[in-house]
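The sequence and the model are shown below.

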Amino acid sequence: FGVMKDKRVHEMLSHLLPHVSHFVATRPEMSRARGPVPLAEWAQEQGIPSESVLSSPLALARAREIAGPRGEIVVAGSIFLLGEIV
């Protein structure tokens, strides 16, 4: 998950977090991007195991590691994030 600073992040996460077992926060390489640490901390406060990773390729690699060969990964937040990892 990565999002821009001007987005309603808590509203977005309130819809996403009930459907995940682990949360990996990152940031697209843009000056408008919100830092991943507060995102991971907020998700952790909601009871979701969370971590922050400073680059989107490393975040995807970490998500794949967590999910394992049979798990699913959801990339959400900013379309800029999706553009970086596709």
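Is Arg62 buried, exposed or partly exposed? Arg62 is partly exposed, with a relative accessible area of 25% (buried means under 20%, exposed over 50%, partly exposed in between, with a 1.4 Å probe and protein chains only).

The model is predicted: local features need pLDDT of at least 70, side-chain atom pairs count only at pLDDT 80 or more, and totals for chains, interfaces and linings use all residues. Residues are numbered from 1 along each chain as its sequence is written, and side-chain values use heavy atoms, with hydrogens and water left out.

**Salt bridges**

A salt bridge is a side-chain nitrogen of Lys or Arg within 4 Å of a carboxyl oxygen of Asp or Glu. The count by this rule is 4, including the pairs below.

| Pair | N to O distance |
|---|---|
| Glu51 and Arg62 | 2.7 Å |
| Glu65 and Arg62 | 2.8 Å |
| Arg32 and Asp6 | 3.4 Å |

Arg32, in the loop between β1 and α2, and Asp6, in the segment before α1, are 26 residues apart, and their pair links distant parts of the chain. Glu51 forms its salt bridge with Arg62; because Glu51 lies in strand β2 (residues 50–52) and Arg62 in helix α3 (residues 56–67), this pair ties together parts 11 residues apart in sequence. Helices (H or I, at least four residues) and strands (E, at least two) are DSSP runs, numbered from the N terminus. Glu65 is exposed, at 59% relative accessible area. Through shared partners, salt bridges join Glu51, Arg62 and Glu65 into one network.
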